[in-house]
Amino acid sequence: MTERVFNFAPGPAMLPEPVLREAQRDLLALPGYGMSILEVSHRGKAFGEVQAAAEANLRKLLGVPSNYHVLFMQGGSRLQFSMVPMNLLGGATADYILTGSWGKYALAEAKREGQINVAYDSSASNYDRLPTAADVKLTPGAAFVHFTSNETIQGVQFPADPDFGAAPLVCDASSDFMCRPMDVARYGLIYACAKKNAGPAGVTVLILRDDLVARSSDKLPGMLNYANFVKENSLYNTPPVFGIYIVKLVTDWLLGEIGGLAKMQQLNREKAKLLYDVIDESEGFYKGHAQPAARSLMNVTFRLPSDEQQEKFLAGAKQRRLVELKGHRSVGGIRASIYNAMPRTGVEALATYMAEFRRNG
Ligand SMILES: Cc1ncc(COP(=O)(O)O)c(C=O)c1O
């Protein structure tokens, strides 16, 4: 089978087709180098240019200020769940805001490293909402405040950069990185495993404010110390060369074909609206998991009236080449992940199918 399906997987997820085509075209030899990206030295000119271009693209797309480092690391966001508190806690207390499962997983790792205060936790309503300012109980003088901008499993997303006070703001942006503009200057650290919106599995992008680097203790293992990655420009050890190359191609695509993150946000809003409209007009047949104000542009989560109907829905979707729609086991139901690379035509096909399924079963 060479024809592509619409892949609604939560990540690894669809990549833009022009990116895949360019990677395929240049896989045997990068133009001008006569070698595959899979064969070049991470200290050579070819990769140096790729890494510099990926960083420059990210800086341009997100308007990253000059006092921030852009780093490429490995170990996924799960490693950041440990590295963030290892590097930034410094014996103080950090605040964690839990709006879904990933925040809970981040908290579990942070607790191994020191004193953590749960400043907000919506688990009682199975993570279907966002906090109001009054709901968040912050610690005066906290080392940092950690939150998850988009909870991939529940489909709950902060609609904009939140304000959680004066402590450095740390954001797990894994599943909505580059889905819209961000005011980077409001953050201490942003991290995102690339495999949803930025590239393939294996590379994690970090944007780290320079003054926080001094917090990393020499006593940390070398590979777990941000200061080493800053000092060596992400080449402390061999970086995920191919992953960074794909991040470069994805960010080329965002800058070129899409025209920047404001445009991407507009497209994402339009795509998400197509699905939420079907849910809202279904007279309760489809029930969204997230409260309307917390709805994610990236992961649309909903249920059907029964498990049998859900199975039938999934089988019918597959026949239409709409795949990977099964929700996470902790929430159940359906999850349509519609990251940047999901074309509008894919979302239209799903919306049409949802409306037909509701009418005809
Ligand atoms: C919001 C969020 N954080 C963290 C992770 C964990 O990422 P990784 O598997 O790269 O460690 C995921 C993975 O899907 C995620 O969606």
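# Exercises on loops, helix packing and a ligand shell

Glu324 is found in the loop between β13 (322–323) and β14 (334–337); strands here are DSSP runs of E with at least two residues, helices are runs of H or I with at least four, and both are numbered from the N terminus. The model is predicted, so local features need pLDDT of at least 70 and side-chain atom pairs count only at pLDDT 80 or more, whereas totals for chains, interfaces and linings use all residues. Residues are numbered from 1 along each chain as its sequence is written.

**Exercise 1.** Describe the backbone and the exposure of Glu324, and then those of Glu283.

*Solution.* Begin with the backbone of Glu324: its phi is near 65 degrees, a positive value in a residue other than glycine. The classes rest on C-beta atoms placed from the backbone: 20 or more others within 10 Å means buried, 12 or fewer exposed, and a count in between partly exposed. Glu283 also is not a glycine and has a positive phi, of about 50 degrees. Glu283 belongs to the loop between α7 (261–280) and β11 (287–288), and it is exposed because it has 7 C-beta neighbours inside 10 Å.

**Exercise 2.** Characterise the packing of α1 against α6.

*Solution.* Helix α1 (residues 17–25) and helix α6 (residues 241–258) have axes 9 Å apart and an angle of about 130 degrees. Axes are lines fitted to C-alpha atoms, for helices over the stretch in contact, and angles between N-to-C directions run from 0 to 180 degrees. α1 is therefore oblique to α6, since angles under 35 degrees count as roughly parallel, over 145 as roughly antiparallel, 65 to 115 as roughly perpendicular, and the rest as oblique. From α1, the contact uses Pro18, Val19, Glu22 and Ala23, and from α6, Ile246, Leu249, Val250, Trp253 and Glu257. These residues divide into seven nonpolar, no polar and two charged. Nonpolar covers Ala, Val, Leu, Ile, Met, Phe, Trp, Tyr, Cys and Pro, charged covers Asp, Glu, Lys and Arg, and the others, Gly among them, are polar.

**Exercise 3.** Which residues surround the ligand, and which helix gives the most to the shell?

*Solution.* The shell consists of Gly11, Gly76, Ser77, Arg78, Trp102, Thr148, Thr152, Asp172, Ser174, Ser175 and Cys193, the criterion being a C-beta atom, placed from the backbone, within 6 Å. By class there are two nonpolar, seven polar and two charged residues. Helix α3 (residues 76–88) gives the most, with three residues. Turning to Gly11, the peptide bond from it to Pro12 is cis, with omega near -5 degrees. Pro12 is in the loop between β1 (6–7) and α1.

Terms used: Two residues are in contact if their C-beta atoms, placed from the backbone, lie within 7 Å.
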